[in-house]
Amino acid sequence: MTRHFQILISENMPSNLPANTLIINEFSKIQNLLGQEFETILFDARKGIHLEALAIAAGTLKMNGALIVLLSNWEKLHSQLDEDSLRWSGSIETIATPRFMTYFKHCIHKYGFPVLYHQNDLKFGRTFQQLFVNHNATLDQQKIIEQILQKESELYFLTAKRGRGKSALAGLLANQLDTKIYLTAPNKSAAQILAEFSQKEIIFIAPDALFLALQHDPSFSENAWLFVDEAAMLPIAQLTAFSHHFKHILFTTTIHSYEGTGRGFELKFKQKINRTFSDFELIEPLRWSKDDALEAFIDELLLLDVEDEVKQTPYNKSKAGQITERSQEEILSSLPQFYGLMTLAHYRTSPLDLRRLFDANSQCFFTAENEQDLLGAVWALKEGGIEDAALIEAIQQGTRRPKGNLVPQALCFHAQQQKACELHALRISRIVVQPMWQQHGIGTQLIEYITQNADMDYLSVSFGYTKELAQFWQKCGFSLVHLGEHLEASSGCYSAIALKGLSAQGIELEREAKQYFQRNMPLSFHPLAQEFNTASVDWKLLDEDWLSLKNFAYFHRTLASALPAIRRFLMNLDEKDCPLMRDYFITKQIPYSKKNGLKSLRSEIAQKLKKEAR
């Protein structure tokens, strides 16, 4: 028996589908399907192809099941507007995606999947075995369980492609441990899957809650095991914290996965820990046959195997890399090599990045190569150059947030730098260097080449703030100009923005943005404010402060962005003025409900501004 994959070309939904068919045409909650199985799935791609959703659908299809992709036109697919492009292109309007669609068709033809024009030609799987959960370990699972039970290491990493029985192994292992077990995972469905295979109580606790609990009272982790499901989907900062407390931890994660996880996670995480660990991998699929064509097709379509194929070159001091700017076409002509290095170095690389790489506009690429070996690369995006003054003002006020221009919009809104939108910029989206060539200057050489050759006003980069990364960018000549208000879910860090001016106007923007950041950070309530404290605090109200106050009082400027100006403003008022805002300074709690309380704070500042007639 095999799993059927078919393309149906039709403007309309087919009428002869089996009664239990799963129809996928909404993708926002697609991950809720993980862990389930379906006999027939219709994937509605008439408005665009959501790659992650397609891969998830394939992963839930039963043996002998049928996955049908519905398209409206096959011949004109390359010129059809793809609504999915709004997620990744940076364009305000949908765009056609000719490069990806050409590749998509190539993969379809390579695996011989049928393209049908009549619904009566569809094939549906009719023979399904009764769903039966085998609670006995396979031979491979049992070998791994026995090795873990010897407890020769402190940490254990279990990796596998989807459908290999990682969760089953964890549940079966739990049965043989004579201690308390905690489970954390990005999705609570992991607890249900483990429960199918374990008769022992496993205490589920969400990653954020576990992180906080360990900070407040880590004693509960003593002599307990921790299971971390889909570990590569969690921030490394959290995983590192977990590894500091539990004596033994089992990390399970999917490699070659559509979430953007991969072996790069292991490389990065293992560099952060000083614990003994053992690695295990499950190879044989349990939910479908070893030669399943649908799995091979998804692997190739999403380039899931390319990180394993990257040629890792040993460092050789005498073989310096040649740095060159590459066109999008040149990158796509050697796509496995480039994308493989991206996934190896950035374990968050996902199908969203793949779609962007194929068809987004305004991209720039720079590579460091030694003969045929790709040693490092920079993937950059052109930003700025906005000429609509009314739009820029609306961005600053928070009333507009068009697609794209990540750094210019952030600086315009948070740091009130309208010039950031007007000038032409190049944002470093990804910078990667082969593992054995890191710490040997390849990254700084790439940035220096871009500095010397980019015809732009300034360079920018957005990254998860750590002292190590901040020092790297400062070494490259960048100035830190912004820190985000909240921890990023993907990195567990505060997002940071750094600039490097190139033209006279760009250098002036860098100076002004850096000065704005350093002046306001000591008066903010940011958790990292102490790291940037200066000897003296500037309490003088400047024009930039009055602008910040007005944008907070009358528009949508955030409270965190406006706090330094508000504190300066209140220093010049009577102590009885603005009681709600003064109470916030003490409690750090917005009064009433968040929405109504923020409205009250804005109103309070607005009333005082009217009296000041500014």
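Me: In what order do the strands run in the open sheet of 5 strands with parallel pairing?
Reply: Strands here are DSSP runs of E, at least two residues long, helices are runs of H or I of at least four, and both are numbered from the N terminus. Two strands pair if DSSP finds at least two bridges between them. With that in hand, the 5 strands form an open sheet with parallel pairing, in the order β2-β3-β4-β1-β7.

Me: Before we go on, what kind of model is this?
Reply: Residues are numbered from 1 along each chain as its sequence is written, and side-chain values use heavy atoms, with hydrogens and water left out. Local features need pLDDT of at least 70, side-chain atom pairs count only at pLDDT 80 or more, totals for chains, interfaces and linings use all residues, and the model itself is predicted.

Me: Back to that sheet: which strands stand at the edges, each with a single partner strand?
Reply: The order is β2-β3-β4-β1-β7, and the sheet is open. An edge strand has one partner, so one side of it is left without a neighbour in the sheet, and that goes for β2 (22-24) and β7 (115-116).

Me: In β16, which residue is the bridge partner of Asn 370?
Reply: Strand β15 (residues 363-370) and strand β16 (residues 373-384) run antiparallel, with 8 bridges between them. For Asn 370, the bridge partner in β16 is Asp 373.

Me: Why is β18 described as largely enclosed by the rest of the structure?
Reply: Buried means under 20% relative accessible area, exposed over 50%, and partly exposed in between, using a 1.4 Å probe and protein chains only. β18 covers residues 458-464, and it is largely enclosed because the buried ones number 5 of the 7.

Me: What hand does the β-α-β crossover from β17 to β18 have?
Reply: β17 (residues 424-433) and β18 run parallel, joined by 4 bridges, and Leu 426 has Leu 459 as its bridge partner in β18. A crossover is right-handed if, with the strands pointing away from the viewer, the path from the first strand over the helix to the second runs clockwise. Here the chain goes through helix α17 (residues 442-453), and the crossover is right-handed.

Me: On the other pairing of β18, which residue in β20 is the bridge partner of Tyr 458?
Reply: β18 and strand β20 (residues 494-501) run antiparallel, with 7 bridges joining them. Tyr 458 has as its bridge partner in β20 Gly 501.

Me: Is His 482 buried or exposed?
Reply: His 482 is found in strand β19. Leaving aside neighbours within four places in sequence, its contacts (heavy atoms within 4.5 Å) are Leu 411, His 414, Ser 495, Ala 496, Ile 497 and Phe 517. Its relative accessible area is 12%, so His 482 is buried.

Me: At what angle do the axes of α14 and α15 cross?
Reply: The contact is made by Ile 392, Ile 395, Gln 396 and Gln 397 of α14, with Gln 409, Cys 412 and Phe 413 of α15. Two packed helices are described by the distance between their axes as well as the angle. The axes of α14 (residues 389-397) and α15 (residues 406-414) come within 7 Å and cross at roughly 65 degrees.

Me: How far apart in space are Phe 555 and Thr 399, C-alpha to C-alpha?
Reply: Phe 555 lies in the loop between α20 (543-554) and α21 (559-571), and at 30% relative accessible area it is partly exposed. Not counting residues up to four places away in sequence, Phe 555 touches Gln 397, Thr 399, Lys 550 and Arg 602. Phe 555 and Thr 399 are 156 residues apart in sequence, while their distance in space is 7.1 Å.

Definitions and conventions: Axes are lines fitted to C-alpha atoms, for helices over the stretch in contact, and angles run from 0 to 180 degrees between N-to-C directions.
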